[in-house]
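Student: Could you walk me through this protein step by step? I'd like to learn how to read it.

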Amino acid sequence: MLRVLNDINAEFVNAPYSIGVNGWKFLRREFIFEPIASTTLNGAISAAATSLTLTSGTGWDSPSSTVGAGYLVAGVRSFDFFTFETRSGADLTLVGGLDIAHATLEAIHKIYVLPTNFGKPRGLFLDNVEYFFYDQDLSQVPPSRHYTLKVLTSGTNSYVRTFCVLPESIGTKDATMYYVIEPTNISATTISVDAPDGLPRRFIIEKMNAYVWEVLGEFQLAQAARLRADDAMRKSIDQWTAHSLGGSFNIVPNL
């Protein structure tokens, strides 16, 4: 039953995207972080190295039971992404993912770990300038005024996190990521679904009713429950989403 409830909750969270709406209002969040200038590699490393030293470790993550990440620049538009699980000063250890050897003073850039509940992006602003999402399948590192996302797994303990990748040499800025949280993993009776009380909760209840009736072979009752769930979803979308918002304009005739 918990597995079914988990799937129905995920269906509810993702429902707005099927009609072109960027997530439920009550699941929207923001995350503020500070991009930093690139640094360089202090000492050559071989392919598959498990440690490296930065020229400056200021502003880099110090993971604890999680993972940080970055990339090295070798040649023209060649980016070698890596993860690390610990940092001491400028030394990164438990490094994973390096594919090639790198020379001293090669440029090295940090990428930015996003919150554990990150689901889908809504928008990114750096120093109040909007940046646009760029498909990571088209480029490892996005061009100017764009960002992309990478899901990376660390090499030692298999920690998994989502990272924001910014253009090269972005420098020091203030960044705000607006996003929608991912569905909560419903794995115990003490964990709540993401749907609030009212019509959203009614959708969850009716979908669970439909599942139970179908298991019992009561297919007409199951279909009726599904219809009630669909109705609750339509009304929930009307209540809790906005397709677009336009400004108000006063038209003043020329005198």
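This is a predicted model: local features need pLDDT of at least 70, side-chain atom pairs count only at pLDDT 80 or more; totals for chains, interfaces and linings use all residues.

Student: How many of the six residues of β12 are buried?

Tutor: β12 spans residues 160-165. T162 lies in this strand.

Student: Does T162 count as buried or exposed?

Tutor: Buried means under 20% relative accessible area. T162 has 19% relative accessibility, so T162 counts as buried.

Student: Which residues is T162 in contact with, leaving aside its neighbours within four places in sequence?

Tutor: T162 sits in strand β12. Leaving aside neighbours within four places in sequence, its contacts are Y112, V113, L114, F118, L149, K150 and V151.

Student: Which residue in β12 is the bridge partner of T153?

Tutor: β11 and β12 pair in the antiparallel sense over six bridges. They form a hairpin with six residues between them, and S158 in the turn has a positive phi of about 60°. In β12, the partner of T153 is V160.

Student: And which residue in β12 stands opposite V113?

Tutor: Here we look at another pairing of β12: two bridges join it to β8, and the two strands run antiparallel. Opposite V113 stands F163.

Student: Which strands are the edges in the open sheet of three strands?

Tutor: This sheet has the order β3-β7-β6, with antiparallel pairing. Its twist averages 15° from one strand to the next.

Student: What is the bridge partner of R87 in β7?

Tutor: β6 and β7 (residues 91-93) pair in the antiparallel sense over three bridges. In β7, the partner of R87 is L92.

Student: Let's go inside. How many residues does the largest nonpolar core have?

Tutor: Residues with the most contacts inside this core include F12, C164 and M177. Among the elements that give two or more residues to the core are α1, β8, β13 and α3. A second, separate core of eleven residues includes A69, F81, L152 and V165. The number of residues in the largest core is 49.

Student: Which residues is C164 in contact with, leaving aside its neighbours within four places in sequence?

Tutor: C164 is one of the residues with the most contacts inside the largest core. Leaving aside neighbours within four places in sequence, C164 touches F33, I111, Y112, L114, L124, Y147, T148, L149 and M177.

Student: Now the helices. Which elements do the buried residues of α1 pack against?

Tutor: α1 has 13 residues and reaches 18 Å from its first C-alpha to its last, close to the 18 Å expected at 1.5 Å a residue. In this helix V4, L5, N6, I8, N9, F12 and V13 are buried. These buried residues pack against β13, α2 and α3.

Student: How far does α3 reach from its first C-alpha to its last?

Tutor: α3 has 22 residues, and 32 Å is expected at 1.5 Å a residue. The reach in the model is close to that, at 31 Å.

Student: Why are the buried residues of α3 on the same side?

Tutor: In α3, A222, A225, A229, A232, M233, S236 and I237 are buried. They lie on the same side of α3 because they cover an arc of only 135° around the axis. On the other side Q220, L227, R234 and D238 are exposed. What covers the buried residues includes α1 and α2, and the arc that answers your question is 135°.

Terms used
Residues are numbered from 1 along each chain as its sequence is written. Side-chain values use heavy atoms; hydrogens and water are left out. A nonpolar core is a set of buried Ala, Val, Leu, Ile, Met, Phe, Trp, Tyr and Cys residues joined through side-chain atoms within 4.5 Å. Buried means under 20% relative accessible area, exposed over 50%, partly exposed in between (1.4 Å probe, protein chains only). Helices (H or I, at least four residues) and strands (E, at least two) are DSSP runs, numbered from the N terminus. Contact means heavy atoms within 4.5 Å. Two strands pair if DSSP finds at least two bridges between them. Axes are lines fitted to C-alpha atoms, for helices over the stretch in contact, and angles run from 0 to 180 degrees between N-to-C directions. The expected span of a helix is 1.5 Å times one less than its number of residues. The arc is that of the directions from the helix axis to the C-beta atoms.
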